[in-house]
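Good morning, and thank you for joining this group meeting. Please keep the sequence and the structure in view while I speak.

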Amino acid sequence: MQNPYLPYPVRIDDITVESEDRNLKTFKFVFLNPDDEAKFAYRAGQFAELSIAGVGEIPIGIASSPVEKGFIKFTVNKAGVVTSRLHNMQVGDIMGVRGPLGNWYPWDLLEGKNVLIVGGGFAFTTLRSSIIYMLDPANRKKFNDISVVYGARSPGMLLYKNELIEWEKRDDINMHITVDGTKDPDWKYNVGFVPPITEQKAPPGDENSYAIVCGPPIMIKFTQPVLEKLGYDHDHIILSLENRMKCGIGMCGRCGIGRELVCKDGPVFTLAQVNRTPREY
Ligand SMILES: Cc1cc2nc3c(=O)[nH]c(=O)nc-3n(C[C@H](O)[C@H](O)[C@H](O)COP(=O)(O)OP(=O)(O)OC[C@H]3O[C@@H](n4cnc5c(N)ncnc54)[C@H](O)[C@@H]3O)c2cc1C
Ligand code: FES
């Protein structure tokens, strides 16, 4: 059995600056040993520990999708020590990826259901993975209606702009892009925070509908009553938590909320499960 603390060596194959403030970058990695790609088999919603030798390790959601082969992608906000070092790295540099870690969105349960995705800011990463997975020609028929409400502070802060435009054009996904505000006279999408736009645009919930919500805690807090009003039960609202972590594999106890370890039992929980833990959201 492989040591669970050992990362796979990867090479940075491409770097995309996502946001106008240049603090959000997407890193595309390829495995140095081709066999490692098969060992890193993941589902949309999981995360991995990115490691830079001599600097540290950080948990980051997997932004690529299992249906995209030959590489893995992560979108990283420049926050502190490790993320700043990563932002200074170049194409061709070598680092480590440990994972995949944690659970994933409940794909078997979501089959045949309507799926509403609600995302805010740079927490859209595993939601991108999920949308690409659901829209894949081999998977699209497994899901009923797919709706997305995605918001950022301004147009320049939206992630994956080219893909958003492509998804907007499709008739098998209902896109509702929004920004908190903009002075751009050509902006043709919504203006407003994610919770009110969700209230205006999202389809009502029922026993055949699930909502996956990822964003800053304040967005989650104000989206929750909106989803309740729309008819989504707490066990049909799925969240991904981002508690502080260390080992990522359930050994150190750093990420505990109540009896749950977010790295191992999560990061994906229903709101009903979160409600049974000491409150953070
Ligand atoms: C499951 C999971 C998935 C994540 N996915 C992503 C992702 O896709 N993209 C992304 O950019 N970030 C993601 N994060 C957050 C990311 O792990 C932290 O931003 C990162 O660890 C900061 O590392 P650092 O060494 O640069 O910062 P540090 O030097 O450790 O800290 C810098 C600042 O960031 C704060 N910070 C550190 N860790 C966290 C955290 N977990 N949550 C909130 N604030 C934190 C510190 O308090 C400090 O203010 C995720 C976290 C988890 C647990
Ligand atoms: S991070 Fe160590 S137990 Fe979760």
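The largest pocket of this predicted model is the space that ligand 1 takes up. A pocket here is an open set of points, on a 1 Å grid over the protein atoms alone, where a 1.4 Å probe fits and protein lies on both sides within 12 Å along at least five of seven lines. A molecule sits in a pocket if more than half of its atoms lie within 2 Å of the pocket's grid points.

Because the model is predicted, local features need pLDDT of at least 70 and side-chain atom pairs pLDDT 80 or more, while totals for chains, interfaces and linings use all residues; side-chain values use heavy atoms, without hydrogens or water. Residues are numbered from 1 along each chain as its sequence is written, and chains are lettered from A and ligands numbered from 1 in the order in which they are written.

Which residues come nearest to ligand 1? Of the 20 residues around the ligand, they are Pro 59, Thr 75, Asn 77, Val 82 and Thr 83; a residue is counted when one of its heavy atoms lies within 4 Å. The shell comprises 11 nonpolar, 7 polar and 2 charged residues. In this division Ala, Val, Leu, Ile, Met, Phe, Trp, Tyr, Cys and Pro are nonpolar, Asp, Glu, Lys and Arg are charged, and the others, Gly among them, are polar.

β4 (56–61), β5 (72–77) and α2 (81–87) each contribute at least two shell residues, and β4 gives the largest share, with 4. Helices (H or I, at least four residues) and strands (E, at least two) are DSSP runs numbered from the N terminus.

Let us turn to polar contacts, pairs of N or O atoms within 3.5 Å. An oxygen atom of ligand 1 lies 3.0 Å from a polar backbone atom of Gly 80, and an oxygen atom of the ligand is 2.9 Å from one of Val 81. A nitrogen atom of ligand 1 is 3.3 Å from a polar backbone atom of Glu 242. The protein covers 72% of the 870 Å² of accessible area that ligand 1 has on its own, by the Shrake-Rupley method with a 1.4 Å probe.

Next, the sheet. An open, mixed sheet of 7 strands has the order β10-β9-β8-β7-β11-β12-β15, where two strands pair if DSSP finds at least two bridges between them. β10 (190–191) and β15 (268–270) are at the edges with a single partner strand each, so one side of each has no neighbour in the sheet. Strands β11 (residues 209–214) and β12 (residues 237–240) run parallel, joined by 3 bridges.

Finally, a cis peptide bond links Gly 99 to Pro 100, with omega about -5 degrees; Pro 100 belongs to strand β6 (residues 94–101).

Definitions and conventions. A polar contact is a pair of N or O atoms within 3.5 Å; within protein, one must be able to donate a hydrogen and the other to accept it, and residues adjacent in sequence count only if both atoms are side-chain atoms. On a 1 Å grid over the protein atoms alone, a cavity is a set of points where a 1.4 Å probe fits but cannot get out, and a pocket is an open set with protein on both sides within 12 Å along at least five of seven lines; lining residues have an atom within 4 Å of a point.
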